[in-house]
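Look at the model below and read along.

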Amino acid sequence: QFERPPHVFNRGSSPPFTLVTTLFRDLSRANSKPPKRREALAKWFHKWRTDVGNDLYPAMRLMVPQCDKDRAVYGLKEQALARIYVTVLELDPGSNTAKRLKNWKKPLKTNELGPENTGSNSGTGDFPTVLYECIKTRVTAETTLTIDEVNTLLDSLSTNTRFQAQAAVMTQIAERCSPEDQIWIVKIILKDLKISVKENTVFSVFHPSAFEIYNSTSDLKQVCWKLYDLHCTANNEDTEIQLFQPFQPMLCKRPRRELQDVVKLMERKEFIIEEKLDGERIQLHKRGKEYYYCSRKGKDYTYLYGQHVGTGSLTPFIDGAFAAGVDNVILDGEMLVWDPFTEHYLPFGWLKPAALDKSNDPTKMHPCFKVFDILMLNDRRIYRWPLHKRKDALKKVFSPVTNILEYAYETRGRTAKEVKAELERIMDDRGEGLVVKNPDKPYVLAGREDAWLKVKPEYVDEMSETVDVLVIGADYGTGKRGGGVSTLICGVRDDTMSGDDPHFLSFVRIGSGLNMSEFEEIRRKDWREYTPGEELDFVKLSERGTEDKPDVYIRPEENFIITVKAAEIVTSEKYAMDWTMRFPRCRAIRRDLTWQDVMTAKDIHEMRTGGRKR
Ligand code: ATP
């Protein structure tokens, strides 16, 4: 834990919370241009430093809440906040306001629009806006909370995860905060202020070295307390990665659609091709016999995987694998779950249950750490070395322990043809895609550079399946997609059923590929409310899972058909078809087709047995 130095402090009592919310309001003004926003931020920091003191940590926690790892997760998303507000406002759960809060994604019919939603559906799908509409006439409080008080309340919200305790905290907030300022608190809890200012802008205005310190420590306190004044200079140690401190890992860039683009970005030289592993990004720090594990966001997972050889679900099995002489090391890789029973890696959701299993039974599923990079070796920071040199160093660090500690698969290539062949191989193995890396480039903290490119089959036009499916239902969208239906649930025709009435099997859910005007067209269609559990006479939904259960449905006579492109067709229990598509994208609304033209279950089986179309 980094302690606050004595020369960093604020004078007098904490400033009012309105000091930050006034800034948020200024920054979020639609016509405010980026240079103006930077200027407003700079003035604000200057004023704090002059009037309040040099400890900006209390304010920065509220300004970049997504970077504040000191406040554990709240476990509160929109739906939970809606339930809490029903309690806070003492609403009858059957009242229109309670329903509006809980159904914040659902657009209202014209006759339901009232003063509570300013007579329009514009806020639907954006929880803070819907909440504001519901509280603006109910809450009459003025904001009397200070910044410190808000931080204390948020601390207790994150440490008390019980509903009643969280509702009690939110009640205190509601009693001492204006409706507008409560909405800012809700946005802080949701870690998305929507003020059109990215965290790197806030950091760069705060201090030129702030982002560097944040990237190497993931610690907002250190940023604020080491750079308490604009005249402070960060020394090399401050901006360097350190053992047992989470750094911001390097990420992958998405190339343009053609594989030739990958070759070009790799400077037409030999490149490294790795599998894009589908688990959780984990960094492992080891000092002698002590281990530390954390996620991409800096969440400490040592309690799961083990601080020492005697604890956790991984450390006991890997401690002996490190080469003699490897004392201190920082490794970067992906944590997966290996299931010895099926001899497959399990989906992401199994990570925690596997890591929490204390039985240490080798026949049960367990974590497997696949390492692809090294940043520090025996106190030497080597992350600026070119990747090929880092790989050489990495290969001497440990002897692999099958399905427990492994080197991520890698090969070399030079051409688009080789990337495609590798992608096909990985897809046949149910992989997600590839990461193509430039062997001459350094590791860039928080970088998303040309040096690491993610390549997925859906980026490659000739590597996908195309099907025409019937839209049978949809879910309401949120955020930018709020205000109406967004995700489409589609089916294929069940050709085993005879008779004149069409019958379909749920098959795939599609969230991307449509533009705004297509959404507008879709939203005008004749959607009907779907009641959970309801049986629809024209479609069979799966008996397991909720993936294919819509908020609203649409009848086949509406002839709403779309062409979908996806990486491949795979088995799935979540759809009545027992198959679904991976990484689907809508390519077109087919106004020229009727429900008789959509693909049948037999067509899908044939596509599967005939092999993937390429
Ligand atoms: P996506 O949604 O496509 O997975 P993302 O936004 O989560 O992308 P990206 O920057 O696009 O993140 O991809 C980086 C992520 O890919 C990493 O966080 C890591 O978990 C994962 N990954 C899997 N395999 C590799 C690999 N071999 N090298 C680097 N990153 C990898």
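## Around the ligand

In this predicted model, 17 residues surround the ligand. The closest are Lys276, Glu334, Arg448, Lys454 and Lys456.

Some atom pairs can be named. Start with Lys276: a polar atom of its side chain lies 2.7 Å from a ligand oxygen atom. Cys252 uses its backbone instead. One of its backbone N or O atoms is 3.0 Å from an oxygen atom of the ligand. Leu277 also takes part through a polar backbone atom. How much of the ligand does the protein cover? On its own, the ligand has 620 Å² of accessible area, and the protein covers 82% of that.

## The domains

The protein chain is divided into three parts. Domain 1 takes in 1–89 + 139–240. Domain 2 runs over 251–459, and domain 3 over 465–609.

Now take domain 2 and domain 3. Their centres, taken over C-alpha atoms, are 36 Å apart. Seven residues from domain 2 and seven residues from domain 3 make up the contact.

The size of an interface is often given as the accessible area lost when the parts come together. Between domain 2 and domain 3, the buried area is about 630 Å². Carbon and sulfur atoms give 52% of it.

Which classes of residue does domain 2 bring to this side? It has two nonpolar, one polar and four charged residues there. One residue pair is in polar contact across it.

Definitions and conventions. Residues are numbered from 1 along each chain as its sequence is written. This is a predicted model: local features need pLDDT of at least 70, side-chain atom pairs count only at pLDDT 80 or more; totals for chains, interfaces and linings use all residues. Side-chain values use heavy atoms; hydrogens and water are left out. Domain bounds come from an automatic or database domain assignment. Contact means heavy atoms within 4.5 Å. Buried area is the accessible area (1.4 Å probe) that two parts lose on being put together, summed over both. A polar contact is a pair of N or O atoms within 3.5 Å; within protein, one must be able to donate a hydrogen and the other to accept it, and residues adjacent in sequence count only if both atoms are side-chain atoms. Ala, Val, Leu, Ile, Met, Phe, Trp, Tyr, Cys and Pro count as nonpolar, Asp, Glu, Lys and Arg as charged, and the others, Gly among them, as polar. A residue is near a molecule or strand if one of its heavy atoms lies within 4 Å of it. Accessible areas come from the Shrake-Rupley method with a 1.4 Å probe; for residues, only the protein chains shown count as cover.
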